[in-house]
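The sequence and model come first.

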Amino acid sequence: MSKFLKVATALALISTPAVADTFGLGRTALPEEIAAWDKDVRPDGTGLPDGSGDVLTGEEVFADQCAVCHGDFAEGVDNWPKLAGGAGTLADEDPLKTVGSYWPYLSTAWDYVNRSMPFGNAQTLDADEVYAIVAYILYSNDLVDEDFVLSNETFADVELPNHDGFILDNRLETEHSKWVGEPCMENCKEDVKVTMRAMVLDVTPDEGKDEPAPAMVEDAPVVEETKVEEAPVEEVVALDPELVAAGAKVFKKCKACHQVGDGAKNKTGPVLNGIIGQAAGAVEGFKYSKALKAKAEGGLVWTDETLAEFLRKPKAFMKGTKMSFAGLKKEKDLAAITAYLTSLGN
Amino acid sequence: MTNKTTGKSRRAFLKGAALTGVGLAAGKASAATPDPLITEVQPWASGLGDGVDASPYGLPIQYEGDVVRRNVEWLTADTISSINFTPIHALDGTITPQGCAFERHHSGAIDLKKDDYRLMINGMVDRPLVFSYADLERFPRENHVYFCECAANTGMEWAGAQLNGAQFTHGMIHNMEYTGVPLRTLLEEAGYDTAGKWVYVEGADASSNGRSIPMEKALDDVLIAFKANGEALRKEHGYPVRLVVPGWEGNMWVKWIRRIEVTDAPVESREETSKYTDVLENGIARKWTWEMDAKSVVTSPSPQAPITHGKGPLVITGLAWSGRGAIKRVDVSKDGGKTWETARLAKPGEKMALTRFYLDTNWDGDEMMLQSRAMDDTGYVQPTKTQLREVRGLNSIYHNNCIQTWLVRANGEAENVEVS
């Protein structure tokens with residue numbers, strides 16, 4: 001061991017590898033393997049691949065890939081992160097920390113979008129798309145003009161506003177030097193008064209009484225089944241395979257929260273197998289919002305029409321829905337998604 | 001227990017009894033009628049119970065069904081990137097059972113088989129290597145008990161008392177016995193370059209959670225762990241392999257760890273810049289606030305664990321810990337910090353592990369403002385909320401290690417409050 005230490009010390013002086021007895025375990029990592037996993041990008045741009053993307057392309061990609069959660073203008077939907085705004089708020093009571101107002105390095109935004117986004121579909125963007133999205137995020141924060149092109153070459157030109165807004169942990173100097181020694185044991189205060197109470201706020205979750213037991217559902221008024229022979233005979237329209245394929249593409253936006261197909265499970269959103277023609281709020285085991293439950297009680301059934309109406313503007317159709325989706329603007333996307341969901345059957 | 005402490009607690013007890021005018025003998029309850037649970041033969045004393053194998057992997061008995069992790073829905077946008085809380089109010093001792101140890105995921109708990117597991121070491125090393133799970137089991141391994149605390153534990157309480165329960169205010173913590181290989185061993189196996197001052201560690205899940213750790217820490221006590229409390233890690237805690245970074249914030253304990261890169265500079269990833277940095281009152285933020293400072297909380301009585309037995313003997317208990325060393329002492333106050341009594345540690349504090357404390361006391365039935373105050377072996381004393389706010393303001397989110405107050409009413413119910 002002492003021999004090892006001497007060797008290691010000697011080597012340390014010339015910054016060469018430390019030497020120790022090895023176990024000979026593991027195998028050499030191949031260059032292709034390292035390239036596949038070693039994707040992190042540093043503040044100086046180390047690790048950035050060649051590529052480029054402009055603001056306007058970024059706006060389109062962002063609308064497709066990111067706006068579901070982050071909003072069309074990077075303003076954030078519900079509790080999902082806001083990516084823009086907040087400049088000058090860091091010392092306020094409730095600071096808004098975004099890429100523009102808080103993040104110190106652009107590399108972090110590029111790296112995070114590249115490796116971890118979109119949520120539920122990570123590592124599917126190509127380098128140019130990532131450049132474009134990051135360019136659009138910069139634009140949303142008023143940091144670049146709309147003709148800006150972000151690339152591995154222009155990357156170093158951008159410095160984020162809060163670049164110098166960080167200091168290293170100084171708790172040892174500012175806190176530990178003060179809060180040491182024998183603490184007071186008696187007569188430490190004149191008087192003690194309650195100044196704030198959690199009960200007043202009342203934001204603690206209820207325990208063990210989350211949902212009514214499934215049996216409760218049986219007590220609900222039974223909707224009379226429509227007699228088949230009396231119902232107008234619906235024309236069975238064969239699904240257009242192209243429309244279904246287009247719908248499968250549109251469904252990518254939904255995949256972050258909804259699963260379909262064999263073995264699908266409820267995630268953030270319910271399983272959508274057989275959703276067309278199904279009563280709303282009927283997926284077993286999913287915790288619906290009060291808003292959806294109310295609609296379900298009102299007899300809402302998901303048809304091409306009702307689903308399209310919902311997906312066009314979810315929050316307008318159902319105020320209070322848990323679904324944090326801004327909506328599909330294009331009618332052809334709405335037609336495609338309903339065709340796709342119809343094609344899934346049960 | 002030493003004679004000294006016995007004497008002290010006995011004195012305290014007698015004093016309490018005298019104050020309430022209750023003699024020792026009068027303290028015993030008497031029954032008016034015989035208890036049928038005793039006088040009548042009960043079904044369990046006559047019939048048979050379950051055979052072995054009724055439950056090949058056992059869960060707690062149904063009567064303990066409320067001792068579960070809970071989340072706070074309004075905290076996060078959804079449960080995939082979220083956190084829940086350990087039911088510390090209902091546990092005792094120090095080891096957290098895996099099944100109720102808090103979870104924090106950034107893109108959900110993934111399903112990763114041992115056969116599909118790979119760990120890569122690359123960057124400034126002689127030999128970039130790939131290890132399989134089976135390889136890891138062939139290195140000499142160690143056992144250590146450590147707490148893992150989310151940097152955001154108690155983070156909702158900066159601006160004031162918010163959540164009514166120790167589970168919610170302090171439950172982003174667990175304490176387990178880990179089995180694993182020192183990271184140092186793997187770095188030496190790869191022949192790390194001593195000019196590499198950092199290691200970047202990264203998980204296999206879609207969040208690619210990654211953190212930069214100084215080489216000094218990496219070589220000191222960081223573990224590549226695959227067992228916790230004797231059994232395989234649970235899926236939600238990073239099965240099959242996670243990183244253990246003793247005393248440091250939970251976000252660095254990368255789950256499903258797949259890559260270790262030796263570098264000459266930190267990566268400045270999302271989790272070490274935009275998150276897990278602490279904004280001070282002037283808008284400047286502290287970064288690299290890795291260590292979890294000394295902290296404690298009374299777990300019972302507390303809002304979810306009220307006193308149900310009325311006045312008389314009462315066990316006040318709680319947990320204390322420090323990311324900078326071992327707990328040396330815990331004091332408890334019943335009057336909101338005017339006077340303090342030193343609690344009994346169940347056993348001497350261990351480095352970067354939870355310590356259980358007890359104050360065996362006699363409750364006079366009056367309202368109490370319960371607090372606990374931890375001290376570690378660096379001499380540091382857990383601060384009050386006021387002290388913390390003076391230095392940090394209200395917007396730090398992370399690293400809130402303030403003294404907690406429970407207002408215990410005469411009826412035994414407790415509430416999360418702040419006091420002057």
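## Cavities

The largest cavity holds about 230 Å³ of space. A cavity here is a set of points on a 1 Å grid over the protein atoms alone where a 1.4 Å probe fits but cannot get out, and lining residues have an atom within 4 Å of a point. Points are joined across faces, edges and corners, and the volume is the space filled by probe spheres set on them. Its lining has 20 residues, with B:R104, B:R242, B:G250, B:W253 and B:K255 nearest the centre.

About 80 Å³ lies in the second largest cavity. It is lined by 13 residues, and A:Y112, A:R115, B:S208, B:S269 and B:R270 are closest to its centre.

## Basis of the model

The model is predicted: local features need pLDDT of at least 70, side-chain atom pairs count only at pLDDT 80 or more, and totals for chains, interfaces and linings use all residues. Residues are numbered from 1 along each chain as its sequence is written, chains are lettered from A and ligands numbered from 1 in the order in which they are written, and side-chain values use heavy atoms, without hydrogens and water.

## Interface of chains A and B

Chain A brings 88 residues to the contact and chain B 109, where contact means heavy atoms within 4.5 Å. The two chains bury about 8200 Å² between them, 55% of it on carbon and sulfur atoms; this is accessible area (1.4 Å probe) lost on being put together, summed over both parts.

Across the interface there are 11 salt bridges (a side-chain nitrogen of Lys or Arg within 4 Å of a carboxyl oxygen of Asp or Glu). A:D38 and B:R259 form a salt bridge at 3.4 Å, N to O.

Note on methods. 1 Å grid on protein atoms, 1.4 Å probe; cavity = no way out; pocket = protein on both sides within 12 Å on 5 of 7 lines; lining within 4 Å.
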